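Trainee: Could we go through this structure together? I would like to start with the helices and then move on to other topics.

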Amino acid sequence: MAASQSYGPRPWTFYVLAALFALFVVFLYGPMIAVLVLSFQGPSASLVFPLREPSLLWFDELFNPRRVGDVVGAFNRSLPLAVMVMVLTVLISVTAGFAFRRRFKGSTAIFYMAIASLIVPGLVLSIGTLVTFRYLGLPAAWYSSALGSHLSWALPFGLLIMFAVLGRLDPSYEEAAHDLGATKWQTVKEVVVPIVFPGMIAVALFGFTLSYDEFPRSWLTVGSKNTLPLEIWTMTTNVTSPALYALGTVTTVISFIVIVAALSSIAVIQRKRSGRT
Amino acid sequence: MNSIENPGDIRLVNLTKKFGASYAVENINLTIPHGSYCCLLGPSGCGKTTILRMIAGHETPTSGEIHIGGEMMVGKPPVERGTAMMFQSYALFPHLSILDNVAFYLKMRGVGKDERRQKAEEMLRRVQLISLKDRMPAQLSGGQQQRVALARSLITNPKVLLLDEPLSALDEFLRLKMRGELKSLQNELGITFVHVTHTQPEAIALANMVVVMDTGRIDQADTASIIFNRPKTPYVARFMGGQNVLTGTVEGSKAGRIRLKDARGAIFEAAAGDSTPAPGSPMSFAVRRDRIKLRKSGKGKAAANEIAGVVEATEYQGSYVKVTVDLGGGVFVANLPDGDYFADPVDKGDGVIASWNTADVNILTIVDTGAAGDPYVNAGH
């Protein structure tokens with residue numbers, strides 16, 4: 001659009017920026033594509049290019065483990081953990097967002113306290129959580145200590161998103177609902193939640209993905225059984241087969257599916273509202 | 001309380017709203033009779049919207065009373081007040097179709113789906129939007145959105161319709177069209193409309209009661225023609241526009257006429273009202289711009305109700321020419337009919353004498369404190 005209006009050749013800065021962007025894309029997707037391709041490695045079990053006799057051997061290895069660790073078990077912990085973090089992040093962020101809409105005493109202090117957990121190093125938080133659980137005599141487990149430390153990471157993001165979403169919500173929607181006889185609860189259910197629903201999906205997406213691939217905050221908090229990122233890390237140290245790549249491919253695909261599902265549902269809602277059905 | 005009041009009567013008693021330490025609305029007393037079209041008029045920040053929101057129940061007064069139809073309403077939710085509010089942004093729910101927006105009130109009351117849709121369709125038919133019932137608000141033009149907002153408010157069967165700057169989001173053409181529609185709708189429904197605006201022509205065209213506000217207080221509440229022709233205060237005169245405000249010192253009065261003299265030595269005469277002001281006291285008055293005659297100076301000396309100055313600017317306005325005259329400290333405006341102006345045109349730099357009839361002098365109840373801090377002193381209309 002803009003290019004058609006400009007005259008003469010592009011300035012040299014265009015080529016510099018284009019080259020930079022190309023490099024960025026290569027660094028971003030290159031490794032992912034390399035892992036994806038190598039996960040189809042044949043029985044030669046070579047960890048490097050070239051790809052010989054492409055097969056699904058290592059995917060099979062993943063789900064019917066002989067040599068690799070407990071990938072399926074790790075997935076069966078990571079997925080419910082991510083779902084729990086997602087649900088709690090949405091619930092807490094949305095309700096907190098409502099509370100912060102009407103400024104209450106100490107709201108700023110609470111907000112900064114919540115945001116501060118973003119800058120605490122994850123490994124330090126992991127150690128701290130473990131030490132605290134030990135002191136309290138509680139066993140560390142993925143559904144308790146790891147859930148807490150994951151929330152310390154996902155919640156600030158959820159809060160920030162919800163603040164932005166609710167900050168843009170015109171208060172006259174709520175007043176109009178009140179004017180038309182809606183109770184407080186009806187206003188939330190029939191007006192506010194439907195309007196901010198795309199934002200809630202975004203919060204859910206963050207909650208899920210931040211937990212699903214979290215390593216530092218999981219490190220010491222999951223207890224005796226690993227979550228998926230920890231399992232992958234363990235495998236890098238003692239598994240030397242392309243099953244590692246196959247695992248990388250599978251987890252990436254799952255993340256990808258979650259992201260696409262979230263973004264497309266947001267797009268569908270927005271299309272419906274603008275009337276382009 | 002004691003008198004029998006009509007359902008759409010609004011009575012505000014000593015109404016005050018404070019935000020922190022500052023008054024948004026300060027001790028307001030106002031009665032709006034049932035079935036009137038009332039415009040709350042004033043610049044932004046004068047408290048007009050706060051009053052509307054307090055009547056609607058979206059803002060709680062700091063003190064004072066709000067009676068609608070003789071019933072004290074403070075503390076009651078909007079639905080119990082019999083009011084409906086139309087928001088400046090219309091606040092149509094973006095996730096609901098036009099039909100469901102209009103049916104929202106009925107849904108909240110637990111009316112069944114078929115019945116509420118049928119009633120909403122009837123309402124949409126009344127505002128001629130039935131063909132758009134399945135559209136989403138984002139697909140509608142500003143004028144259509146406004147009509148949907150009206151339909152959504154009217155389905156509550158209100159006694160009082162509250163409109164917050166309803167025309168400000170529309171372009172000039174639509175604004176005039178919707179202005180006419182609002183007026184005829186009010187005639188047809190016969191309920192009380194309270195309309196907040198900062199636009200003088202809008203208030204004058206619509207209202208049979210204009211309330212002019214200034215920083216939390218009511219300056220004057222009267223019919224449109226009284227507000228326009230007989231403003232009580234310098235503020236109202238300037239805000240409504242079309243007026244010149246002059247101040248002089250009372251020299252004396254005889255034969256029912258007060259004689260004033262201003263700092264420049266000009267003599268003014270005004271018809272004495274009920275009270276006779278003491279000689280030596282200052283007094284301000286207003287004269288409509290379109291009642292001024294101009295002649296070039298040199299043709300006779302300035303007499304009573306004449307003032308000399310130099311033309312500062314002329315502006316052609318179609319049916320009239322706006323001539324701004326510098327009085328040597330103070331600006332004076334004459335709106336001359338185009339025929340009169342072109343018969344003997346004056347130009348920038350010409351010395352002129354402005355004159356008017358004693359009958360056109362409107363004495364103000366407050367002495368003009370001058371230009372300082374008054375943004376409407378030189379507002380041209």
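Predicted model: local features only at pLDDT ≥ 70, side-chain atom pairs only at ≥ 80, totals over all residues.

Trainee: How do α7(A) and α9(A) cross, and at what angle?

Mentor: Helix α7, residues 145–167 of chain A, and helix α9, residues 184–212 of chain A, have axes that come within 9 Å and cross at roughly 160°. Angles over 145 degrees count as roughly antiparallel, and α7(A) and α9(A) are therefore roughly antiparallel to each other. The crossing of α7(A) past α9(A) is right-handed.

Trainee: Which residues meet there?

Mentor: From α7(A), the residues include W153(A), F157(A), I161(A) and M162(A). On the α9(A) side, V196(A), V203(A), F206(A) and L210(A) are among them. Glycines take part as well, including G158(A) in α7(A) and G199(A) in α9(A).

Trainee: And what is that contact like by class?

Mentor: The contact of α7(A) with α9(A) has twelve nonpolar and five polar residues, with no charged residues.

Trainee: What about α10(A) and α11(A): at what angle do they pack?

Mentor: Helix α10 (residues 228–238) and helix α11 (residues 243–274), both of chain A, pack at an angle of about 160° with their axes 10 Å apart. They are therefore roughly antiparallel to each other. Here α10(A) passes α11(A) in a left-handed crossing.

Trainee: Which residues make that contact?

Mentor: L228(A), I232(A), M235(A) and T236(A) in α10(A) meet L244(A), L247(A) and T251(A) in α11(A). By class, this contact has five nonpolar, two polar and no charged residues.

Trainee: Changing topic: which residues touch the most other members of the largest nonpolar core?

Mentor: That core has 142 residues, and those touching the most other members are C38(B), L40(B), V102(B), L162(B), V194(B), V210(B) and V211(B). Its largest share, twelve residues, comes from α9(A).

Trainee: What is V211(B) in contact with, leaving aside its neighbours within four places in sequence?

Mentor: V211(B) is then in contact with L30(B), C38(B), C39(B), L40(B), L41(B), I218(B) and A221(B).

Trainee: Finally, how many residues does each chain give to the contact between A and B?

Mentor: Chain A gives 17 residues and chain B gives 21 residues. On the side of chain A, α8 (171–179), α9 and α11 each supply at least two residues, and the largest share, six residues, comes from α8(A).

Trainee: And the classes on that side?

Mentor: The side of chain A that touches chain B has seven nonpolar, six polar and four charged residues.

Technical notes:
Residues numbered from 1 in each chain as written. Chains lettered and ligands numbered in written order. Axes fitted to C-alpha atoms, helices over the stretch in contact; angles between N-to-C directions. Helix = DSSP H or I, 4+ residues; strand = E, 2+ residues; numbered from the N terminus. Parallel < 35°, antiparallel > 145°, perpendicular 65-115°, else oblique. Left-handed = near helix turned anticlockwise from the far one by under 90°. Contact = placed C-beta atoms within 7 Å. Nonpolar A, V, L, I, M, F, W, Y, C, P; charged D, E, K, R; others polar. Core = buried A, V, L, I, M, F, W, Y, C linked by C-beta atoms within 7 Å. Buried ≥ 20, exposed ≤ 12 C-beta atoms within 10 Å, placed from the backbone.
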